[in-house]
Amino acid sequence: MADEGALKAVAEAEAAVNSQGEIVRTLKEAVKAGSGDKAAVDAAVEQLKALKVTLAEKQQAAGIEPAPTGGRPAKEKAAKPDKDKGSEGGAGGKTTKKETKLGLSHPKATEFTDWYTELCVSSELISYYDVSGCYVLRPWAYAMWEVAQTFFDAKIKAMGVQNAYFPLFITEDVLSKEKDHVEGFAPEVAWVTRAGDTPLEKPIAIRPTSETVMYPYYAQWIRSHRDLPLRLNQWTNVVRWEFKYPTPFIRSREFLWQEGHTAFATKEEADAEVAAILELYRRVYEEVMAVPVTPGKKSTAEQFAGALYTTTVEAFIPETGKAIQGATSHCLGQNFSKMFNIEFETEERTKQLVWQNSWGFTTRTIGVMIMTHGDDKGLVLPPRAAPKQVVIITIPNSKTTPEGLAAMTEKAAELHAALEAAGVRVVSDTRENYTPGWKYNHWELKGVPVRLELGPKDMEKGVAVLARRDTGTKEEAAWGDVAGRMPSLLETIQADMYTAARAKYDACWKQVTTWDEFMEAINGRNMALAPWADEVEVENDVKKRSAVGELQGAKTLCIPFKQPEMPPGTLCFASGKPAKNWALWGRSY
């Protein structure tokens, strides 16, 4: 009989072969759909061949007759699975499970794009759809969106915002009512032109955003100062038919978001809300996702089409040297209220136009979080964002008796219940037809923050082993202390992950004053904080001049709210004109 270590090595090697086979299949499907890379397929196939050789060696060392690799990992020859016991999720019945994809073939540091795409598929976040640029969000991804949604929804309701829903379709006349707005979105608007076999008399747009859907009704509902403020939000999907290379969560043709649309009697009220909402977006990223961001104001060239001004939180991915616009909060001023005649009667019985805002964040938050924290083993999820914060894994070995296995399973259930009672999101993996090593890899790929191990020695000692996903460090906790220890451990992990991400982010922030320093920073995969003249013409010139080979030019990410001191006489780094402020620049997604 092979020892436990040899059997574990076989199981892990077989899981690696199965995982790589799935990767090859996924890459081939991407090539077939027109969005993949044939060279990546060839490289993945070569890696699959090498993994099969390794598997054969492990099988030979364990004294196992090599067999065709299938969807099941090697079974322990000890205790037989109990068909009455359920596995993950509690369903009883058959113990044969479908193959679960494991492992990553692309390193994050050197093959970031392929690493990210592979991770999104292998960790069961998405599946590719047959419409390019659209993706199926699987439960693990959607649960992350629900975490962000729950956090933000509670906060805006406490501010007095109410949820509503408006239709998906927009008539061409209404969409075209605000000139700057429609010109900003025109290239991305998808149109419905036919119903069945009958051409429509007028095409109907699918919403890229909902200002023009909602504001005709604001004009109907707002009559008096007593009707203000009007503060509505909707959780919905939008379609923007982008032609840039699609990237799961980051850039897609359909995505989920929330969009808030509000109306006030005064600009001061509108300004206060813009700032308050942006602070909530910062908290979503930094407090929930453990992703550092820079709050600031967009330049005139980069602000929302039709807005008076736009504020933003900007994230940054060091591995690619690119920034990502995280979320935006816009003051629309009275631009849309003029177009849609949204006015109210004041207490003095005069007529005034309302001041309006719009604000939104999307499922892009998930992509930014994945890019920031993921590693070569898979997702690394901050506890507050994780669908499950702890996974309990039992570790029977070849010497475990049926009675010992039953006691181990019972203790796992007790710990599960205690953790749930303590408010911890927990899942138990007591499946007997997968080796512990295979389970470790599976849940590491899924990014669960803490793995709770329970094996024969732990049963003897009355302890559980707590292993952190982010650092790999382990500690023991007595059974009676587990539920009390876990919340503080999760908060420590959350804080440590933010601290580590912040250190990387800050290391990519370079303050410069000359063009040469600017280019050195940008080409070094950094952001550059530079004094500038705050002119559209200067920004357009910088975009052109900073484009190098296939690398896109840099643009303003934002004008950070926290401004360094600007000595008198400071000149714009690009134009030599008097500088008006410090702007954060970078290449971006």
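Before you select anything, here is how ring pairs work: rings of Phe, Tyr and Trp (for Trp, its six-membered ring) pair if their centres lie within 6.5 Å, and planes under 30 degrees apart count as stacked, over 60 as edge-to-face and the rest as tilted. What you have open is a predicted model, where local features need pLDDT of at least 70, side-chain atom pairs count only at pLDDT 80 or more, and totals for chains, interfaces and linings use all residues. Residues are numbered from 1 along each chain as its sequence is written, and side-chain values use heavy atoms, with hydrogens and water left out.

**Stop 1: the rings**

Select F166, Y215, Y217, Y218, W221, F336 and F340: together they form one aromatic cluster. Across the structure there are 25 aromatic pairs. (Strands are DSSP runs of E, at least two residues, and helices are runs of H or I, at least four; both are numbered from the N terminus.)

W235 counts as buried because its relative accessibility is 18%, and F361 counts as buried because its value is 1%.

Now jump to Y434 and W438, a stacked pair with 4.0 Å centre to centre and 25° between the planes. Both Y434 and W438 are buried. For a charge to sit over a ring, NZ of Lys or CZ of Arg must be within 6 Å of the ring centre and within 35 degrees of the ring normal. Another case is K322, whose charged end sits over the ring of Y589, 5.4 Å from its centre.

**Stop 2**

Select T362, which lies in strand β14 (residues 355-362). T362 is buried because its relative accessible area is 16%. What does T362 touch, leaving aside its neighbours within four places in sequence? The contacts are W145, F255, L256 and W257, where contact means heavy atoms within 4.5 Å.

A polar atom of the T362 side chain also lies 2.8 Å from the backbone nitrogen of R364. R364 is one of the buried residues of α10. Colour helix α10 (residues 364-373) next: α10 is mostly covered, with ten of its ten residues buried.

**Stop 3: the five-stranded sheet**

Show the cartoon and look for an open sheet of five strands, ordered β16-β15-β17-β18-β19, with mixed pairing. Two strands pair if DSSP finds at least two bridges between them. At the edges are β16 (426-429) and β19 (474-478), each pairing on one side only. From one strand to the next, the twist averages 25°. (Axes are lines fitted to C-alpha atoms, for helices over the stretch in contact, and angles run from 0 to 180 degrees between N-to-C directions.)

Start with β15 (residues 390-394), which pairs with β16 in the parallel sense over four bridges. Click I392 to find its bridge partner in β16, S428. Then bring in helix α11 (residues 402-421), which packs on the sheet, touching β15, β16, β17 (450-454) and β18 (463-468), with its direction at about 170° to that of β15. Helix α14 (residues 479-507) packs on the sheet too, touching β15, β17, β18 and β19, and its direction makes about 10° with that of β18.

**Stop 4: zoom in on β18**

Strand β18 is largely enclosed by the rest of the structure because six of its six residues are buried. In a regular strand the side chains alternate between the two faces of the sheet. In β18, V463, V465 and A467 point one way, while A464, L466 and R468 point the other.

On one pairing, β17 and β18 run antiparallel, joined by four bridges, and E453 stands opposite V465. β18 and β19 also run antiparallel, with five bridges, and A464 has A477 in β19 as its bridge partner. Finish at the hairpin that β18 and β19 form, with five residues between them: select G472 in the turn, which has a positive phi of about 80°.

Definitions and conventions:
Buried < 20%, exposed > 50% of the residue type's maximum accessible area, 1.4 Å probe, protein only. Polar contact = N/O pair within 3.5 Å; in protein donor to acceptor, adjacent residues only side chain to side chain.
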